[in-house]
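Look at the model below and follow its helices and strands in turn.

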Amino acid sequence: MLVVFIRTLILFLIVVIVMRAMGKRQIGQLQPFELAVAIMISELAAVPMQNTGIPLVNGIIPIITLLVAQITLSLISLKSIKARSIICGRPNILIENGKINEVNLRKELYTMNDLLEQLRIKGTSNISDVEYAILETNGQLSIIPKSQKRPLTPEDIKIETNYEGIPLDLVIDGDVNYNNLKKAKLDEKWLMNELNNCGINNTKDALFVSLDSSGKVYFQKKAQN
C-alpha cells in the first residue's frame, strides 16, 4: 500500500511539473498536438500508478520524451510560419461579409448546426450581421460583426474617458502585499493611517484592501467570531 502511495505521489508531481512546463493554457485553447500529448501523458501516468509490477521509470521516460517533443514542436512553431501552419493548421473563414463559405465549411467538417450554435453562443443570431466568422486553429470561432452592428463605444460619440487601471491588492486575508504598496509609491505608514480611518487598528483584522487608479481605497474587515 505504501509503495502505491509513493508511486502515485511521484507520478502526480511529475505530471504537474510536465503540464506546467507545457505552458498556461486552457483545455479549449490547446492545439491538436498539445491535446494529444496531454491525453497520452495522463494514460502513461495512470498505468504504472495502478500496476506496481511495471518499473516506475517505464512511465517516467515516455512522459519526459513527450514533454521534449511537445516543447520542440512549440519552438519550431514559434520560429517558422510555414511549420506552424503544418503543425497547428491555419485559421479558416467560414462567413465573409454575411455570406457562408460552403467550401471552407465542408473542408473543416463543420455542419450548419455547429455554425449556428457557435453564433448563438457568441451572441449573434443573424448571419447577415456578421462581417467575418473565422475558425481558429484551436477550434474556437471568432466573430467580427459588421460595423453597423457593433456596440457603441465612447470613441464613436467622441466622449473622453478617464484612465482605468487594475486595482492593486494591498491586503489579502491580513497579509500586506508590500510589492503592490511599493508599486503605488506608498508605504506601510500610509496603509495603517488609511486602515485607522476605517476603524481597523491591525492589518491582521483586514480581510481585503485594494487601491484603484483614482486613489480610492476599498476595504473589508474580517468577520468577528
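Axes here are lines fitted to C-alpha atoms, for helices over the stretch in contact, and angles run from 0 to 180 degrees between N-to-C directions. Two packed helices are described by the angle between their axes and by the distance between those axes. The structure shown is a predicted model.

**Helices α2 and α3**

- Helix α2 covers residues 32-50 and helix α3 covers residues 56-79; their axes cross at roughly 170° and come within 9 Å.
- Angles over 145 degrees count as roughly antiparallel, so α2 is roughly antiparallel to α3.
- On the α2 side, the contact is made by Phe33, Glu34, Val37, Met40, Ile41, Leu44, Ala45 and Pro48.
- On the α3 side, the residues are Gly59, Pro62, Ile63, Leu66, Gln70, Leu73 and Ser74.
- Sorted by class, the contact of α2 with α3 has eleven nonpolar residues, three polar and one charged.

**Helices α1 and α3**

- Helix α1 (residues 2-21) packs with α3 at an angle of about 5°, and the two axes are 10 Å apart.
- Angles under 35 degrees count as roughly parallel, so α1 is roughly parallel to α3.
- From α1, the residues in this contact are Arg7, Ile10, Leu11, Ile14, Val15, Val18 and Ala21.
- They meet Leu56, Ile60, Ile63 and Leu67 in α3.
- The contact of α1 with α3 has ten nonpolar residues, no polar ones and one charged.

**The sheet**

- Four strands form an open sheet in the order β2-β1-β3-β4, and their pairing is antiparallel.
- Strands β2 (99-100) and β4 (141-145) are the edge strands, each pairing on one side only.
- Strand β1 (residues 92-96) and strand β3 (residues 130-135) run antiparallel and are joined by four bridges.
- Glutamate 96 stands opposite tyrosine 132, which is in β3.
- Helix α6 (residues 112-121) packs on the sheet and touches β1, β2, β3 and β4.
- The direction of α6 makes about 60° with that of β4.

**Glutamate 34**

- Glutamate 34 lies in helix α2.
- Is glutamate 34 buried or exposed?
- The relative accessible area of glutamate 34 is 4%, and buried means under 20%, so glutamate 34 is buried.
- Glutamate 34 and asparagine 179 are 145 residues apart in sequence, and their C-alpha atoms are 35 Å apart in space.

Note on methods. Residues numbered from 1 in each chain as written. Predicted model: local features only at pLDDT ≥ 70, side-chain atom pairs only at ≥ 80, totals over all residues. Heavy atoms only, no water. Helix = DSSP H or I, 4+ residues; strand = E, 2+ residues; numbered from the N terminus. Parallel < 35°, antiparallel > 145°, perpendicular 65-115°, else oblique. Contact = heavy atoms within 4.5 Å. Nonpolar A, V, L, I, M, F, W, Y, C, P; charged D, E, K, R; others polar. Pairing = 2+ DSSP bridges. Buried < 20%, exposed > 50% of the residue type's maximum accessible area, 1.4 Å probe, protein only.
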